[in-house]
Amino acid sequence: MPDGWFEVPRTEEGLAAIGAELDALVDTSEARALLGRAARVASEETAADPHPNRRTWAGVGDREAGRVDAYLTLETLTVRGLDQDWFLNAWSTFEPGGGNDMWLRDYEKKTLSGRRAVSGRDFMQAPADDSGNRQLTETYRAVLFTPVLSTVLLMSIITKDLGVFEDIVGYGDTIADTFTFSNVRSAA
């Protein structure tokens, strides 16, 4: 993972074990306290994630603030009968409902890490909160078709701070383009 990210543990023990890693991501004790609280919340949310194979990283964009500005997830999935066109269509036409609005969907087929892939981004605007504000979230998504039949690697980066990434698709594709894949499926 690039600098500025830490893997979010699912357990209290795991959270205690990353203290030095969190220290290295910030410049002040105040920022470290804020990052510690943010890491605890992220750990609790990750522990409650119904996808046990999904791994989550939190990104710290401002060393002085100690704020988590983005989340990155990776997960392998078995998807029988789905291809690049299915993901391209699904991500390009998805309607979230619940008062959320989708803006600027921009996905395309490409090659990442030598594998067939689809990646891009969209913006989702949440319903108004009590003060009438509607939070806007930018999401990068990529799916890479692995050498193992019917298995894909799904990656996402989500941020509510639209100033964090100058080019979220370029950033995400650069990470996705570093993955290596084995042709062997491990026995369960």
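Let us begin with helix 5, which spans residues 168–176. In this predicted model, the buried residues of helix 5 are Ile168, Val169, Gly172, Asp173, Ile175 and Ala176. How are these buried residues placed when helix 5 is seen down its axis? They fall within an arc of 160°, and therefore they line one face of the helix.

What lies over the buried residues of helix 5? The cover includes strand 3, residues 67–78, and strand 4, residues 101–112. It also includes strand 5 (115–125), strand 6 (136–145) and strand 7 (151–159).

Beyond its neighbours within four places in sequence, Ala176 is in contact with Leu112, Ser113, Tyr140, Leu144 and Met155. Please also locate Leu154: it is 22 residues from Ala176 along the chain, and the two C-alpha atoms are separated by 9.8 Å.

I now turn to the nonpolar cores. As general background, nonpolar side chains in soluble globular proteins tend to be buried together. The largest nonpolar core in this model has 19 residues. Those with the most contacts inside it are Leu72, Tyr140, Leu144, Met155, Ile157 and Phe179. Strand 3, strand 6, strand 7 and helix 5 each supply at least two residues of this core. Which of these elements gives the largest share? Helix 5 does, with 4 residues.

Phe179 deserves a moment of its own. Setting aside residues up to four places away in sequence, Phe179 touches Leu74, Ser113, Leu144, Leu153 and Met155. There is also a second, separate core, with 14 residues, including Val8, Ile18, Leu25 and Val68.

Next comes helix 4, residues 84–93. Its residues Gln84, Phe87 and Trp91 are buried. They cover an arc of only 70° around the axis, so they are on the same side of helix 4. Among the elements that cover these buried residues are strand 4, strand 5, strand 6 and strand 7.

Helix 4 also takes part in the largest pocket. The volume of this pocket is about 760 Å³. Its lining is made of 29 residues, and those nearest its centre are Arg54, Tyr71, Thr73, Ser156 and Ile158. Where does the lining come from? Helix 3 (29–47), strand 3, helix 4, strand 5, strand 6 and strand 7 each supply at least two of its residues. Strand 3 gives the largest share, with 7 residues. By type, the lining divides into 14 nonpolar, 7 polar and 8 charged residues.

Is Thr46 buried or exposed? With a relative accessibility of 6%, Thr46 counts as buried. Leaving out residues up to four places away in sequence, Thr46 touches Val8, Pro9, Arg10 and Thr56. Thr46 and Thr11 are 35 residues apart in sequence, yet 8.9 Å apart in space, C-alpha to C-alpha.

Finally, I would like to discuss two points in the backbone. Most residues other than glycine have a negative phi. Leu104 is not a glycine, but it has a positive phi of about 45°. Ser113 is not a glycine either, and its phi is positive at about 55°.

Where do these two residues lie? Leu104 lies in strand 4, whereas Ser113 is found in the loop between strand 4 and strand 5. How accessible is each of them? Leu104 counts as partly exposed because its relative accessibility is 46%. Ser113 has a relative accessible area of 16%, and so it is buried.

The surroundings of these two residues can also be described. Not counting residues up to four places away in sequence, Leu104 touches Arg121, Asp122 and Phe123. Leu104 and Ala58 are 46 residues apart in sequence, and their C-alpha atoms are 24 Å apart in space. Ser113, for its part, is among the contacts of Ala176, and it is also touched by Phe179. Thank you for your attention.

Methods. Residues are numbered from 1 along each chain as its sequence is written. This is a predicted model: local features need pLDDT of at least 70, side-chain atom pairs count only at pLDDT 80 or more; totals for chains, interfaces and linings use all residues. Side-chain values use heavy atoms; hydrogens and water are left out. Buried means under 20% relative accessible area, exposed over 50%, partly exposed in between (1.4 Å probe, protein chains only). The arc is that of the directions from the helix axis to the C-beta atoms. Contact means heavy atoms within 4.5 Å. A nonpolar core is a set of buried Ala, Val, Leu, Ile, Met, Phe, Trp, Tyr and Cys residues joined through side-chain atoms within 4.5 Å. On a 1 Å grid over the protein atoms alone, a cavity is a set of points where a 1.4 Å probe fits but cannot get out, and a pocket is an open set with protein on both sides within 12 Å along at least five of seven lines; lining residues have an atom within 4 Å of a point. Grid points are joined across faces, edges and corners, and a volume is the space filled by probe spheres set on the points. Ala, Val, Leu, Ile, Met, Phe, Trp, Tyr, Cys and Pro count as nonpolar, Asp, Glu, Lys and Arg as charged, and the others, Gly among them, as polar.
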